[in-house]
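Here's a quick tour of a protein model for you to follow on screen. Take a look at the sequence and the fold, then work through the points below.

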Amino acid sequence: MPPKPRQIKVEQRSALAAMQQLETRSDEELEREQKFKAAAQAILGARAAERYDAEAARAHFRRAIAAARPQERMQLRRMADASLALAERRPDDLKEAVTRLGQAPPSGRQLMMLRIMGLIAPPQNAPWYMKVRGILLVLAAMIVLIAVGFGIVKLVALPFGGAGTAGALLLGLLLIVIVLGVLVLLGRRRQAKARDAARSAQRVP
């Protein structure tokens, strides 16, 4: 029979390794998980952070840390720091937290997108003026996009005799919708890849 400290170490390792096994379960199944409660709550916290729900992420990580062994709590706190930085759109803190986890930090493009997201859609606990600023930025971006679409349609229509203002506005708006649709599709694919990378980074070795 192995010594007692060795047995505790093996049990601890199996509990942490369970995170990868539990990732395929639904949120409801993770909520009911009791054997590896800390791992299940940490996964729920990471999923809430991916939805930019900082309050739910913080609550899940609190439960995870409370249910974890003392040896696991430091790593869970680091995971919580990374997840909350993502949920609260804090790119600099996210980069630092992921580095503390021993993983490669997000790319400059990913951090820039998170920074833009923080300007357009600040977290729920942000001051009111930041939320107003986000709305104004969205409106300004829409006006600029419509103007760009209008200008492109006008230029393209010049060799064919030009286009009326109303028609150019309509076609310009249609052009912008198509372009945004393509960008959203590409963005979702990149976001899925980034989410997979984030989950890999948050797995406890």
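At roughly what angle do the axes of helix 6 and helix 7 cross? They cross at roughly 140 degrees, and the two axes come within 9 Å. Keep in mind that this is a predicted model.

**The overall picture**
- Out of 205 residues, 32% are buried.
- The protein exposes about 13,100 Å², and 64% of that comes from carbon and sulfur atoms.
- If you take the contacts with a separation of 6 or more, 43% of them join residues 24 or more positions apart.

**Helix 6 meets helix 7**
- Helix 6 covers residues 91-100 and helix 7 covers residues 108-120.
- Their crossing angle of roughly 140 degrees makes helix 6 oblique to helix 7, because only angles over 145 count as roughly antiparallel.
- On the helix 6 side, the residues that meet helix 7 are Pro91, Asp92, Leu94 and Lys95.
- Helix 7 answers with Leu111, Leu114 and Arg115.
- Sorted by class, this contact has four nonpolar and three charged residues, with no polar ones.

**The nonpolar cores**
- Nonpolar side chains tend to be buried together in soluble globular proteins.
- Here, the largest nonpolar core has 27 residues.
- Leu22, Ala42, Leu76, Met79 and Leu94 have the most contacts inside this core.
- Two or more residues each come from helix 1 (4-22), helix 3 (37-50), helix 4 (54-67), helix 5 (70-87), helix 6 and helix 7.
- Zoom in on leucine 76: leaving out residues up to four places away in sequence, it touches Ala38, Ala42, Phe61, Ala64, Ile65 and Ala68.
- Another core, of six residues, lies apart from the largest one, and Ala48, Ala49, Ala57 and Ala87 are among its members.

**Two residues with a positive phi**
- Most residues other than glycine have a negative phi.
- Tyrosine 52 isn't a glycine, yet it has a positive phi of about 60 degrees.
- You'll find tyrosine 52 in the loop between helix 3 and helix 4.
- Arginine 89 isn't a glycine either, and its phi is positive too, at about 55 degrees.
- Look for arginine 89 in the loop between helix 5 and helix 6.
- Is arginine 89 buried or exposed? Arginine 89 is buried, because its relative accessible area is 14%, and buried means under 20%.
- Tyrosine 52 has 23% relative accessibility, so it counts as partly exposed.

How values were computed:
Residues are numbered from 1 along each chain as its sequence is written. This is a predicted model: local features need pLDDT of at least 70, side-chain atom pairs count only at pLDDT 80 or more; totals for chains, interfaces and linings use all residues. Side-chain values use heavy atoms; hydrogens and water are left out. Axes are lines fitted to C-alpha atoms, for helices over the stretch in contact, and angles run from 0 to 180 degrees between N-to-C directions. Helices (H or I, at least four residues) and strands (E, at least two) are DSSP runs, numbered from the N terminus. Angles under 35 degrees count as roughly parallel, over 145 as roughly antiparallel, 65 to 115 as roughly perpendicular and the rest as oblique. Contact means heavy atoms within 4.5 Å. Ala, Val, Leu, Ile, Met, Phe, Trp, Tyr, Cys and Pro count as nonpolar, Asp, Glu, Lys and Arg as charged, and the others, Gly among them, as polar. A nonpolar core is a set of buried Ala, Val, Leu, Ile, Met, Phe, Trp, Tyr and Cys residues joined through side-chain atoms within 4.5 Å. Buried means under 20% relative accessible area, exposed over 50%, partly exposed in between (1.4 Å probe, protein chains only). Accessible areas come from the Shrake-Rupley method with a 1.4 Å probe; for residues, only the protein chains shown count as cover.
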